[in-house]
Amino acid sequence: MTDLTNLTLAEARDGLAKGDYTSVELTEAHLKSMEAHRNLNAYITETPEKAIEMAKASDAKRAKGEAGKMEGLPIAIKDLFCTEGVQTTAASHILEGFKPEYESTVTRNLFDNGAVMLGKANLDEFAMGSSNTSSYYGNVINPWKGKDGKDLVPGGSSGGSAAAVAANMALAATGTDTGGSIRQPASYCGIVGLKPTYGRCSRWGIVAFASSLDQAGPMTKTVRDAAIMLGSMAGHDAKDSTSAPMAVPDFEAALTGDIRGMKIGIPKEYRVDGMPEEISKLWDDGVAMLRYAGAEVVDVSLPHTKYALGTYYIVAPAEASSNLARYDGLRYGQRVMDEGDSLDDMYMKSRAAGFGKEVQRRIMIGTYVLSAGYYDAYYNKALKVRRRIYEDFANAFGSVDTILAPTAPSAAFAIGENEGDPVKMYLNDVFTVPASLAGLPGLSLPTGLSSEGLPLGLQLIGKPFDEETVLRVGGVLESAANFTAKPSGLEG
Amino acid sequence: MSSLDKETVRRIAYLSRINVSEEGLSELAGDLTRILDFVEELQEVDVEGCDPLTSVADLTLPLRKDEVTDGNIQQKVLSNAPMTDAGCFVVPKVVE
């Protein structure tokens, strides 16, 4: 029998349906792979017993002819989703030991559809980061290696999810994306990542970072897999007032392979000064592939692109400072208190001990830009620029169906690089942040290798609630690029 | 406008309810100033007549009946608390 961990989600679904193997066999194969690749630190909490129990229940359900969309498929859950009775940390010390009494809507949807949870995947602390080096539970290592063999970052914040999928430690994984946290790690690890439209998936039960930006999505081996998994994750939820009261389309049916006559926009402002030659070439190659498939390529302008990062690094920390006020050492999480301490002392000690450096920085920046005297100059100004960025996209989508751009300005970098200067780290998100600010769907897929032999991704940005076009074009690009490389760091 | 001194950082740290050591204050002053310098470029954008965009969700907030739909889960609410007593969260003394 072939190694069951090499399967795509779609192949495993079909194999289970045919009875080629059981969910228990599929799950056991992945648990073995998790054990073999523990050095990558992709999981914070492994849940093998729960996985086997869920797989058995799934096999029993299938025997009764009640198979759901994700029936029997073992996946990783980013440790930002609350999972009932299973430790949920957000990769922070402050939530160490926290066991939610409820299930997030997205995981509830997946489990109701038959998915099996292998464990909780590592991430940057509170999803704040682009390298997965801010987790309290240690760095995640990218299964890919460059020529010098150094350990590389998997990207972030969904770095554990990306590494787990790339190293065959899960058929797929959930991620969340606030400024690029699904797409950038997907690009660094050579997998597919889809950030849906804001409102497509419920945010209920996901540890909040920046509520006007956070959105859950699938991280998978193929575009088809992303379509399947999104169909299970998405849907209206009365518990999230920003979740869209819309029917969930059959995303897989969008993969027709036909993009003839479609208009693909190429935003000239994304061709930034100093863009590495190989990123530029990757992009040009992608354009050529889509043109060859019959699409029409059109230049578009998104004039406020250069202000997106600045806008993001005001809006996201502002919302984070407010969201993270809930970690007060009282109701859940870590408490640090000495004899005779006041309430303020307890707050300040608990939060100093519980939050890591980057999280503290962002809370303070957010507090500052919201404070009296600075609110208008920073926060309100950023919200106005955010509207300009939103309008840029609306204008561009007046003449094109989807936009093609690189996902990230580079391939994965070495662990330790870009540390020490927060702003340098932020620049990794330059191509992903604009779509986040506008709430648009974005799909990253691997289309080429760097000179170091590392995966590079292109991203398709779509109109609001038009994941179907993004998936359709993504499917065509995937076939044309025929990206078959596998991580070199997987042996041993 | 955006070079932060130690005293300002001390005030922000207190507003954020995060204990920061003296050395920490200087390091943070540097980091936060770098970040504020970086976002300074927004000042050059013309936003005349532009309304702030607070949400991209093009929705009117839904209303529901004002009725109790949940409750009687005291144990669940308290299950993750660091300190509880008689069905309550325990906080340090706040009233003399």
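Predicted model: local features only at pLDDT ≥ 70, side-chain atom pairs only at ≥ 80, totals over all residues.
Colleague: What makes helix H7 of chain A largely enclosed?

Modeller: 11 of the 11 residues of H7(A), residues 223-233, are buried, so the helix is largely enclosed by the rest of the structure. Among them are A:Arg224 and A:Asp225. Helices here are DSSP runs of H or I with at least four residues, strands are runs of E with at least two, and both are numbered from the N terminus.

Colleague: Which elements do the buried residues of H7(A) pack against?

Modeller: Helices H1, H4 and H15 and strands E5, E6 and E10 of chain A. Contact means that the C-beta atoms of two residues, placed from the backbone, lie within 7 Å. Just after H7(A), A:Gly235 takes a positive phi of about 135°.

Colleague: What makes something a nonpolar core?

Modeller: It's a set of buried Ala, Val, Leu, Ile, Met, Phe, Trp, Tyr and Cys residues joined through C-beta atoms within 7 Å. The largest one has 168 residues, and A:Ile75, A:Ala163, A:Ala164 and A:Ala170 touch the most other members. Helix H9 of chain A (308-323) gives the largest share of this core, nine residues. Leaving aside neighbours within four places in sequence, A:Ala170 is in contact with residues including A:His30, A:Pro74 and A:Leu118.

Colleague: Why is chain B called more spread out than a compact globule?

Modeller: The radius of gyration is taken over C-alpha atoms, and the globule rule is 2.2 Å times the number of residues to the power 0.38. For 96 residues the rule gives 12 Å, but chain B comes out at 22 Å, well over that, so chain B is more spread out than a compact globule. Its C-alpha trace spans about 55 × 45 × 25 Å along its principal axes, and 19% of its 96 residues count as buried. Chain B has three helices and two strands, running α-α-α-β-β from the N terminus on.

Colleague: How many residues does each chain bring to the contact?

Modeller: Chain A brings 55 residues and chain B brings 40. On the side of chain A that touches chain B, H12(A) gives the most, with 10 residues.

Conventions
Residues numbered from 1 in each chain as written. Chains lettered and ligands numbered in written order. Buried ≥ 20, exposed ≤ 12 C-beta atoms within 10 Å, placed from the backbone.
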